[in-house]
Amino acid sequence: STDIGRFKKKIIISRIIFTYTVANLLLAERPMHSYFKNHTLAAGALLLTLTGIASRILGFFYRIFLSRTIGAEGLGVYQMVFPIYGICFSICAGSIQTAISRFTAADRDRAGRTLLAGFIISFSLALGLAAVIIRFSGFLASQVLMEPRCAPLLPAMALAIPCTSVHACLCGWYYGKEKVQVPALSQMVEQCIRIFTVFLIARIWEEQGRPVTVLAAVAGLVAGEAGSALFTLLSFLLFGNRKKDGPSVSGRPAPSSVLTAAAPLLAMALPLMGNRLVMNLLQSLEAILIPVRLELSGLSRSQALSVYGVLTGMALPFVMFPSAIINSLAVVLLPSVARHQSLGNRSGILKNIALSFRYSSYMGILCIGIFTSFGDSLGLQVFKSAEAGSFISILAWLCPFLYLSTTMGSVLNGLGKTSVTFLHNLVSLLVRLAFVFFGIPRAGIRACLWGMLAGELVLSLLHLYSLRRLVRYAPNAWAVIVKPSFCLASALGIFSLFPDPLPLPGSLPPFFGTVLQIGLVCTGYLLFLLLFHKRPDHSSNSTVT
């Protein structure tokens, strides 16, 4: 009850902050629009980063609440439904969002008909997939996921798929227009509604004397997707671009225009859909195999699901937290690169590549230092799990390669090389599956962790090799490896002079001391980077082929 009371206070504070942010955005619409128009890439990435970080902070409190409410095994069962959800997203949402974003960026005069065509395709597929999941939920749970406890969760999860479709299409349109305010805020809307829904259900069930089950978490997922879809749709209808891009008596794009827009949209979306479907099938296979192979290593089914829950519900979200910055950069990179390519602006493409490469390296190297130094403490203080802390320390080495592959993959997609990124991702996933299938029965869950590291390393190298063939850009080893490594070592060296633990008021929990320590290391790292900062030259040794 004490945890729930604290959680409720955090929810109230987050809602006040969110309301204040929305009000300021709406009241300052014109100046903000002018700023984003002049600084689309940097400002867009910054806004997405800020909202992404705020959303992930709320997500941490949410994960802590779930881990203490439904337990590690419950988290494992909850994570088991996401393979099905990911497959549906790849079919009806992800690929079409990317296609809408790219065609909107390349031809803004036809953005309206592109959005309408994409929405019709996406929403129709989403309704069909939801119906199939509801009808065959028992079969999917027992025969595909190999976890019968997922059977009552799948029909509830299916209700989120049409909402995801609406949200993805509209966000694709906004990204293509390089207007990230609404997609950024929709992240906060989704997270706030999801957390509030789960908290409310848990409170009601506890008052009724009922145990809080995984179904509450799935209900929160559905409520969050529905809320973000409604928010994005209302924002588009009220404040979206009202410019007509096709003559029609009714003021809407003519049907022939929509059909004309659907053909090139499908030409790009179908290969992407196939790529994403194969990737999600392999990722789903990996998620299903991990608990099964853990049983072969000597664990019971309950223990295997608990370990899987600790990895995917506790450790991985922690390691992925800084990726909010890189993911935001990747989202705005694709339409930006596509737009520069359509205009023949080679210097713009090179500038984007150099910026993304440099900052991905900076962030990845910093995360190695943070998670290897404080991973054990974070696992114990946040989740009360030494196992989670061990996983965080090992996964720290994943960060540089994960961030590089994310941004470089976005650049390749922006250049239209979607088949290349598919092949690279396929090779990476096959490497991970090999570790899961052959390594886990012998070495346990650590084989899965090393497989993730090997897969991301292979993916990063393949992406960089392809970009070197397309873009003659030779990254400066001093700028992207030696300098940030030296800055990190210097920051950690200075930090070692501080007392451990840092003196704090007795009423504060140890977690705040660890956060303060991390803040000191990050501040020192940033100051050293600024000390050695030199304005990069994007044109001296780089050409686009």
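Phe 123 has a relative accessible area of 28% and is therefore partly exposed. It belongs to a predicted model of a protein with 545 residues, of which 54% count as buried. The protein has 21 helices and 2 strands. Among contacts with a separation of 6 or more, 83% join residues 24 or more positions apart.

**Aromatic pairs**

- The count of aromatic pairs comes to 8.
- One of them joins Phe 119 and Phe 123, whose ring centres are 5.4 Å apart and whose planes stand at 15 degrees, so this pair is stacked.
- Both Phe 119 and Phe 123 lie in helix α6, 4 residues apart, which is about one turn of the helix.
- Phe 119 has a relative accessible area of 29%, so Phe 119 is partly exposed.
- Another pair is formed by Phe 437 and Phe 438, with ring centres 5.1 Å apart; the planes are at 80 degrees, so the pair is edge-to-face.
- Phe 437 counts as partly exposed because its relative accessibility is 37%.
- Tyr 78, Phe 82 and Tyr 85 are linked into a cluster by ring pairs.

**Packing of helices α5 and α9**

- In general, two packed helices are described by the angle between their axes and the distance between the axes.
- Helix α5 covers residues 82-106 and helix α9 covers residues 160-176; their axes come within 7 Å and cross at roughly 20 degrees.
- Angles under 35 degrees count as roughly parallel, so α5 is roughly parallel to α9.
- The crossing of α5 and α9 is right-handed.
- On the α5 side, the contact includes Tyr 85, Cys 88, Phe 89, Cys 92, Ala 93 and Ile 96, and also Gln 97, Ile 100, Ser 101, Thr 104 and Ala 105.
- On the α9 side, the contact includes Ala 160, Ile 161, Thr 164, Ser 165 and Ala 168, and also Cys 169, Gly 172, Trp 173, Tyr 175 and Gly 176.
- Sorted by class, the contact of α5 with α9 holds 14 nonpolar and 7 polar residues, with no charged residues.
- Tyr 85 of α5 takes part in this contact and also belongs to the ring cluster with Tyr 78 and Phe 82.

**Packing of helices α4 and α11**

- Helix α4 spans residues 71-80 and helix α11 spans residues 214-239; they pack at an angle of about 45 degrees, with their axes 9 Å apart.
- This angle makes α4 oblique to α11.
- The crossing of α4 and α11 is right-handed.
- Gly 74, Val 77 and Tyr 78 of α4 make the contact with Val 214, Ala 217, Val 218 and Leu 221 of α11.
- The residues of the contact of α4 with α11 divide into 6 nonpolar and 1 polar, with no charged residues.
- Tyr 78 of α4 is part of this contact, and Tyr 78 is also linked with Phe 82 and Tyr 85 by ring pairs.

**Thr 114**

- Thr 114 is placed in helix α6, which runs over residues 111-135.
- Thr 114 counts as buried because its relative accessibility is 7%, and the cut-off for buried is under 20%.
- Thr 114 and Trp 173 are 59 residues apart along the chain, and their C-alpha atoms are separated by 8.5 Å.
- Trp 173 is also one of the α9 residues in the contact with α5.

**Met 146**

- Met 146 lies in the loop between α7 (137-144) and α8 (153-158).
- Although Met 146 is not a glycine, it has a positive phi of about 55 degrees.
- Met 146 has a relative accessible area of 39%, so Met 146 is partly exposed.

Notes:
Residues are numbered from 1 along each chain as its sequence is written. This is a predicted model: local features need pLDDT of at least 70, side-chain atom pairs count only at pLDDT 80 or more; totals for chains, interfaces and linings use all residues. Side-chain values use heavy atoms; hydrogens and water are left out. Axes are lines fitted to C-alpha atoms, for helices over the stretch in contact, and angles run from 0 to 180 degrees between N-to-C directions. Angles under 35 degrees count as roughly parallel, over 145 as roughly antiparallel, 65 to 115 as roughly perpendicular and the rest as oblique. A crossing is left-handed if the near helix is turned anticlockwise from the far one by less than a right angle, and right-handed if clockwise. Contact means heavy atoms within 4.5 Å. Ala, Val, Leu, Ile, Met, Phe, Trp, Tyr, Cys and Pro count as nonpolar, Asp, Glu, Lys and Arg as charged, and the others, Gly among them, as polar. Buried means under 20% relative accessible area, exposed over 50%, partly exposed in between (1.4 Å probe, protein chains only). Rings of Phe, Tyr and Trp (its six-membered ring) pair if their centres lie within 6.5 Å; planes under 30 degrees apart count as stacked, over 60 as edge-to-face and the rest as tilted.
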